[in-house]
Amino acid sequence: MVQERTLPKFDTATVQITKEDGLGLYEDMVLGRYFEDKCAEMYYRGKMFGFVHLYNGQEAVSSGIIRGAMRPGEDFVSSTYRDHVHALSAGVPAREVMAELFGKATGCSKGRGGSMHMFSAEHRLLGGYAFVAEGIPVASGAAFQSKYRREVLGDQKADQVTACFFGDGAANNGQFFETLNMAALWKLPILFVVENNKWAIGMAHERATSDPEIYKKASVFNMVGVEVDGMDVLAVRQVAQEAVARARAGEGPTLIEALTYRFRGHSLADPDELRSKEEKEFWFSRDPIKKLGAYLVEHNLAVESDLKQIEKKIQSLIEDAVRFAQESPEPDSSELYRFIFAEDE
């Protein structure tokens, strides 16, 4: 079976986007795709080690929410072990993300985090979390402090929104239900974003849950639940903008289920033999980057040369990031115990 759920329709006539914003989204998505392709190359060449989980195919979710609806550097982002592209969308420089993957001291986590534990206080990236659903309560803590600062401490500038990303498998974990309940009770300014790519490692989503439509579970908590085509960055952007507006207005959280698909295996160690050829081809035909590029050209927001120029720019950026990572120093052994505890500034 190629497709069990009908993808939600999105009326492009409702889209209001400038050329600058459209090309910005395209650039962010291309950055994510090219970065991950280079990661695969470096991994297979023996330049990266450990588990590496790539984001190819899911770029519309990261770009549509973080770049399209949030304030990078001000709002908070919580990720999973598939976190490289979330970090890039949040504004972490490609050099720092690549250096982290190489385990270098110049990485965003000083070489301590590696692929699955990207972190940047400067960019409000709360971390990548290897345990399934681990980041959900952490993200809710960040949302709670924003609300507390604003409503209890009287800081009117504390209107930050948190985006918490996790996969379909996490929606079956206890943290999901417990934390959504608290977030709804306290009306926390948070977006719970389920990146439903149909597979939790090798387990098909439809076989692992009593109700495959995750967004409907929001109703149990008296919370807004939205289903969106996660291969359409403009659809994701619109849904996210509405959710962010509700959160900033004090109207509480939103559960967003983005129907998407990873184009590679679960990790670079996965031979990807469980998914059918027909299923893959169905989703490959919905490539979110090609879809946005076609939209921009069709609506006279760009010409093909604009898109090619962006792609060339990003290619150079990625090559520079690799050179930077390769030339960066390893963490010094004298700092083995550093960054375990908070330090005085």
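**Reading a predicted fold, one feature at a time**

Visitor: Where does L153 lie?

Guide: L153 sits in the loop between α5 and β3 (162-167). Residues are numbered from 1 along each chain as its sequence is written, and side-chain values use heavy atoms, leaving out hydrogens and water.

Visitor: Which residues make the nonpolar surface patch?

Guide: For a patch, take residues with over 30% relative accessible area and no salt bridge; like charges are joined within 9 Å, and nonpolar side chains (Val, Leu, Ile, Met, Phe, Trp, Tyr) within 5 Å. The areas come from the Shrake-Rupley method with a 1.4 Å probe, and for residues only the protein chains shown count as cover. Here, F144, Y148, V152, L153, M182, L185 and W186 make a nonpolar patch of about 720 Å². Both α5 (135-151) and α6 (174-186) supply at least two of its residues, and α6 gives the most, with 3.

Visitor: How many aromatic pairs does a search of the whole structure find?

Guide: Rings of Phe, Tyr and Trp (its six-membered ring) pair if their centres lie within 6.5 Å; planes under 30 degrees apart are stacked, over 60 edge-to-face, and the rest tilted. The search turns up 8 aromatic pairs. Take F144 and W186: their ring centres are 5.5 Å apart and their planes meet at 55°, so this pair is tilted. The pair links distant parts of the chain, with F144 in helix α5 and W186 in helix α6, 42 residues apart. F144 is partly exposed at 36% relative accessible area, and W186 is also partly exposed, at 42%.

Visitor: What do ring pairs link into a cluster?

Guide: F144, Y148 and W186. You met these names in the nonpolar patch too.

Visitor: What kind of aromatic pair do Y261 and W283 form?

Guide: A stacked one, with 5.4 Å from centre to centre and 5° between the planes. Y261 is in the loop between β8 (254-259) and α9 (277-284), W283 is in helix α9, and the two are 22 residues apart. Y261 counts as buried at 0% relative accessibility, and W283 counts as buried at 1%.

Visitor: On to charges. How many salt bridges does the structure hold?

Guide: A salt bridge is a side-chain nitrogen of Lys or Arg within 4 Å of a carboxyl oxygen of Asp or Glu. The structure holds 24 of them. One joins D37 and R264, with the closest N and O atoms 3.3 Å apart. That pair spans distant parts of the chain: D37 in helix α1, R264 in the loop between β8 and α9, 227 residues apart. D37 is partly exposed at 32%, as is R264 at 27%.

Visitor: How far apart are the closest N and O atoms of K216 and E213?

Guide: They are 2.6 Å apart in that salt bridge. There is also a network: salt bridges with shared partners join R71, E74, D75, D159 and R248. Within this group, E74 and R71 have their closest N and O atoms 3.2 Å apart.

Visitor: Which residues does K38 touch?

Guide: Contact means heavy atoms within 4.5 Å. Leaving aside residues up to four places away in sequence, K38 touches M98, I318, E319 and V322. K38 is placed in helix α1 (residues 19-44) and is buried, with a relative accessible area of 10%.

Visitor: What does the UniProt annotation for residues 300-327 say?

Guide: UniProt positions use the numbering here, feature names are shortened, and annotations may be inferred rather than shown by experiment. The unreviewed entry labels residues 300-327 "coiled-coil region". In the model, that span is 86% helix and 0% strand, with its end C-alpha atoms 42 Å apart.

Technical notes:
Predicted model: local features only at pLDDT ≥ 70, side-chain atom pairs only at ≥ 80, totals over all residues. Helix = DSSP H or I, 4+ residues; strand = E, 2+ residues; numbered from the N terminus. Buried < 20%, exposed > 50% of the residue type's maximum accessible area, 1.4 Å probe, protein only.
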